[in-house]
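Subject: Structure handover

Hello,

Here is the structure you asked to look at. Notes on what was found in it follow below.

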Amino acid sequence: MTEQSNDALSADLRRLAAAHGVASDFWDFHGDRREVSPATVRAVLAAMGVSADTPENVAAALDEADLAPWRRTLPPCVVVRSGTAGSVAVHVPDGAEVRARVVLDGGAARTLTQQDDWVEPRDVDGKRIGRASFEIPDDLPLGWHEIVAEVGDVGALADGRARAPLAVTPATLELPELRDQLGGRAWGLMAQLYSVRSARSWGIGDFADLTELTGLAGEVGADFLLINPVHAAEPSPPVTPSPYLPVTRRFVSPLYIRPEEIREAAYLPNTQRTLLEWAAESVQQMNLDSGPLDRDAAWQEKKSALETIYAAGRSRSRQRELDRFRAEHGQGLEDFALWCAVKETYGDDERPWPLTEDATPAALTALRRELADRVNFHCWLQWIADEQLARAQRIARASGMRVGVMQDLAVGVHPAGADSWSMRHVLARGICVGAPPDMYNQQGQNWSQPPWRPDALAEAGYAPLRDLVRTVLRHAGAIRVDHIIGLFRLWWIPDGAGADEGTYVTYDHEAMVGVLALEAHLAGAVVIGEDLGTVEPWVRDYLSERGVLGTSVLWFEQADGRPLPAEDYRELVLATVTTHDLPPTAGYLAEEHVDLRERLGLLTEPAAQVRLAARVERERMLDAMRERFLLPSDPTERQIVEALHRYIAQTPSVLVGVSLADAVGERRAQNQPGTDTEYPNWKIPLADGGEQVVLVEDLPGNARFASLVTAITHELAERA
């Protein structure tokens, strides 16, 4: 983005942008103030349904923004903190009698008291409208309730009543209780599940492998296992490799199902059972290949096997369980299953795509009828995946893990995916989410994901966010929220613009974080926010106040160009040596992050300069280890990796994470930000430093794994 003069945006356009939470300037990674172009501001406003292409339209839109709250009786949604009194404004015809109450989740009602804060009535669309304010008590129970306002004897409303959802959220997720739950501090493993295979995997790590991993993690004293997002991808090849670009974030990828673990598989006729075994053997040969994972081949065989098991039918009791599952997940599941069925049927077809924005209810009903069996199949897949995830969490807790599975929530969804259709009313069109340039991605990033519209999300009562978090936490003890700053603001990039030509759009973080905290409280889960990169200090303070843990990565924690002293780390964080967007530690020490970006042409500074900076960074890090007597005079790679992990164990951070890739000596990066097909992102199977595959069965006897686990557990024990 080029610098522009301060008058590049008119005063009215700036005011309109501010009214809708659109930034007209911002501070970049280097601390410089950047001006946003008028074209970007107009494009972003247009994605919110606001026309700003002429001065007249800007003026009209300003008037609309001013009057919009007065045109409705109640706000679309109210979110308050437990223990703090709130307020709700009710707009009614001037002079009309109005009453308000809260209907609690269990059905009981509480009458609200009107406050004495008179506001001058307004003329709205030829009518005189007044405003009354009602106090929301500070002792309402946590949960989802409803505000009901009654106007006059009959009122100007259809039934004399207006309704709005009310979320009473935890003031904080009570970190003292968290520490009690964890017994002080806790450590855990981090794994890209698809990359961690066993001899019986179908070419891709799956939920059966997850179950084995949680059992092993419990045996070695870990309290959590953080995995990549397991959100659903496309129902037919080609399958998008990135777990951070799913077609939906609410439902699970059937790619992670282990067919043999399905109860009905045991009752297949011998012929079908034999075919199932042959299919498994055909893809199990891939488990020993250290080259890029082939999701398409794995899913093609697995899907065929799953269709065979599904067609064999279920007992009456099992069918009732499936029916209950479908009823519990409601329309969201039915819409996702319909999208999958349509994608299979029409994806490569010359017929017009039927799930258009203007598809009528009658057309959708006909489509559900036409594809009923495939819709049923995809609902069944979600039920089976849910069962296998539930088992992994049960085994985790039974093995002694105090948290168990830690799910990862991606920041967005595929622009042509299921959520983009079923949630089209709350997603912005013509916009992609990304990140502005920073030290590691000097050209910025475009993640090709449509963002939530802040206004539409509020209109929906934050139900999409509620349902999403609730589903992800069904079988998890914790959730890591990728790019949690997205609950505060997101970098919106208009279609056709460069990644550096976007601007920030703000969200109602009090509501967004409140809903997240409420659902985590109801699930009894820990919340970790990935707050790396350009994050204002007040955001981290706010999240800490709400009981949301932050994230610290060793290489990013710097003070005056040197490693941050271990004692100065934040306490309320998940501290790790590395992250999935960097090479494993062995590769980072070998400058793989520089070599790879140079090969792919991603550097905007001379390679020699970047390499020198990397070597200075490494030497300063090693000096910090030596100062703490964590390294011998001539350390091996393994000793350096263990020293770095012992260093983060010396921090006060409440959670410490150990990458499984670090534990076996892997060097290859899982992902290189800013690339698509240039690098096999998200396709690297777990292997050692010599690129020899490491299977789940190998881990208990892996000397390097055992040595790192011993190092981290001993260091934590000494600090207890």
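By class, how many nonpolar, polar and charged residues does the lining of the largest cavity have? Before the answer, please keep in mind that this is a predicted model.

The lining has 17 nonpolar, 10 polar and four charged residues. The cavity itself holds about 420 Å³ of space and is the largest of seven cavities of 30 Å³ or more in the structure. Its lining is made by 31 residues, and those nearest the centre are Met-190, Gln-192, Thr-579, His-580 and Ser-659. Two or more lining residues come from each of these elements: the strands β12 (186–191), β13 (224–227), β21 (550–553) and β24 (573–576), and the helix α20 (660–664).

The second largest cavity has a volume of about 270 Å³. Lining this cavity are 24 residues, with Arg-249, Ala-410, Val-411, Gly-412 and Trp-452 closest to the centre. By class, the lining splits into 18 nonpolar, three polar and three charged residues.

On to the pockets. The second largest pocket has a volume of about 1000 Å³. There are 32 residues in its lining, and Ala-68, Pro-69, Pro-76, Asp-455 and Ala-458 lie nearest the centre. At least two lining residues are supplied by each of α3 (55–67), β3 (78–81), β4 (86–93), α12 (454–459) and α14 (509–523). Of these, α3 gives the largest share, five residues. The lining of this pocket divides into 21 nonpolar, four polar and seven charged residues.

The last item is a pair of helices. Two packed helices are described by the angle between their axes and the distance between the axes. For helix α18 (residues 607–627) and helix α19 (residues 637–649), the axes come within 10 Å and cross at roughly 70°. Angles of 65 to 115 degrees count as roughly perpendicular, so α18 is roughly perpendicular to α19. The crossing of α18 past α19 is left-handed.

Which residues make the contact? From α18 they are Met-621, Leu-622 and Met-625, and from α19 they are Ile-640, Ala-643, Leu-644 and Tyr-647. By class, this contact has seven nonpolar residues, with no polar and no charged ones.

Regards

Key:
Residues are numbered from 1 along each chain as its sequence is written. This is a predicted model: local features need pLDDT of at least 70, side-chain atom pairs count only at pLDDT 80 or more; totals for chains, interfaces and linings use all residues. Side-chain values use heavy atoms; hydrogens and water are left out. Axes are lines fitted to C-alpha atoms, for helices over the stretch in contact, and angles run from 0 to 180 degrees between N-to-C directions. Helices (H or I, at least four residues) and strands (E, at least two) are DSSP runs, numbered from the N terminus. Angles under 35 degrees count as roughly parallel, over 145 as roughly antiparallel, 65 to 115 as roughly perpendicular and the rest as oblique. A crossing is left-handed if the near helix is turned anticlockwise from the far one by less than a right angle, and right-handed if clockwise. Contact means heavy atoms within 4.5 Å. Ala, Val, Leu, Ile, Met, Phe, Trp, Tyr, Cys and Pro count as nonpolar, Asp, Glu, Lys and Arg as charged, and the others, Gly among them, as polar. On a 1 Å grid over the protein atoms alone, a cavity is a set of points where a 1.4 Å probe fits but cannot get out, and a pocket is an open set with protein on both sides within 12 Å along at least five of seven lines; lining residues have an atom within 4 Å of a point. Grid points are joined across faces, edges and corners, and a volume is the space filled by probe spheres set on the points.
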